[in-house]
Amino acid sequence: MSEKNSHPHVHDYEHVALLFVDMISDFSFEDGERLFPHTLKAAKKMAKLKTRAKELNIPILYVNDNYGRWQSDFPGIVEEMKQSEQGKKIVHLLQPDDDDYFILKPQYSAFFMTPLELLLNYLNVKSLIICGVAGNMCIHFTANDAFMRGYKLYIPSDCTASNSREENDKALHLMAHVLKATIQPSEELDLEAIKHEWR
């Protein structure tokens, strides 16, 4: 049985959350053309992972860059990216659901100047599965901050992307050896076991 809680909108503590970092984008930034093919490949794996997580009631959190648009909101960004040639391909795969959570961030780390830690505490999360782009930047910065806060980390190797395979592999290697993250293909993640490891 899941540990019960009294928070509204949260039925059970699952102790794990799935983070999608910076996946809602039009890729119209420097090196966006290089990053997009790798991102699209990762997004297809992430879509399958999200389906598995939903079946186990694992909360899904979208943490996305606000692109310097301080008057924007996440639903508005999603709709805007649907109009871009590249962005709509990712949104089609990873369309946020009504029961997903979302946070806008101003900088690389999903934790920096955001309410992410408050939300994770609210959900009683102890383990994070971190996916997204870029592996050697925003994912790495987010993993660093998560590690410093004591979260157990899972970073599926096929659910992150950087400008090149080599750059991504180097980042994954560093996160595995320094941050003690579990790095493996998403199909090998035992979500049921991860859910129960804190019970």
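User: Which residues are linked in a network of salt bridges in this structure?

Analyst: In this predicted model, the network of salt bridges joins Lys50, Lys54, Asp97, Asp99 and Asp100.

User: Why is the contact between aspartate 100 and lysine 54 called a salt bridge?

Analyst: The side chains of aspartate 100 and lysine 54 meet at 2.6 Å, N to O. The limit for a salt bridge is 4 Å between a side-chain nitrogen of Lys or Arg and a carboxyl oxygen of Asp or Glu, so the pair qualifies. The pair links distant parts of the chain, 46 residues apart: aspartate 100 lies in the loop between α3 (87–94) and β3 (101–105), and lysine 54 lies in helix α1.

User: What makes aspartate 100 count as buried or exposed?

Analyst: Aspartate 100 has a relative accessibility of 9%. Buried means under 20%, and aspartate 100 therefore counts as buried.

User: Why do glutamate 167 and arginine 34 count as a salt bridge?

Analyst: Their side chains meet at 3.9 Å, N to O, and this value is within the 4 Å limit, so the pair is a salt bridge. Glutamate 167 belongs to helix α6 (residues 165–178) and arginine 34 to helix α1 (residues 32–55), so the bridge ties together parts that are 133 residues apart in sequence. Glutamate 167 is partly exposed at 29% relative accessible area, and arginine 34 is partly exposed at 42%.

User: What does the salt bridge between lysine 152 and glutamate 197 tie together?

Analyst: The side chains of lysine 152 and glutamate 197 meet at 3.1 Å, N to O. Lysine 152 is in strand β5 (residues 152–154) and glutamate 197 in the segment after α7 (191–196), so parts 45 residues apart in sequence are tied together. Lysine 152 is partly exposed, at 36%, and glutamate 197 is also partly exposed, at 29%.

User: How many salt bridges are found in the whole structure?

Analyst: The search of the whole structure finds 12 salt bridges.

User: Which residues have the most contacts inside the largest nonpolar core?

Analyst: This core has 34 residues, and those with the most contacts inside it are Leu18, Phe20, Leu94, Ile129 and Leu191. Helix α1 gives the most to the core, with 9 residues. Leaving aside neighbours within four places in sequence, leucine 18 is in contact with residues including Leu49, Ala53, Ile60, Ile129 and Cys131. Apart from this core lies another, of 27 residues, among them Ala17, Leu19, Phe111 and Leu172.

User: Why are the buried residues of α3 said to line one face of the helix?

Analyst: The buried residues of α3 are Gly87, Ile90, Val91 and Leu94. Seen down the helix axis, they fall within an arc of 100 degrees, so they line one face of α3.

User: What is the secondary structure of the chain, and how many of its residues, in percent, count as buried?

Analyst: The chain has 7 helices and 6 strands, in the pattern β-α-β-α-α-β-α-β-α-β-β-α-α along the sequence. Of its 199 residues, 51% count as buried. Among contacts between residues at least 6 apart in sequence, 77% join residues at least 24 apart.

Definitions and conventions
Residues are numbered from 1 along each chain as its sequence is written. This is a predicted model: local features need pLDDT of at least 70, side-chain atom pairs count only at pLDDT 80 or more; totals for chains, interfaces and linings use all residues. Side-chain values use heavy atoms; hydrogens and water are left out. Helices (H or I, at least four residues) and strands (E, at least two) are DSSP runs, numbered from the N terminus. Buried means under 20% relative accessible area, exposed over 50%, partly exposed in between (1.4 Å probe, protein chains only). A nonpolar core is a set of buried Ala, Val, Leu, Ile, Met, Phe, Trp, Tyr and Cys residues joined through side-chain atoms within 4.5 Å. Contact means heavy atoms within 4.5 Å. The arc is that of the directions from the helix axis to the C-beta atoms.
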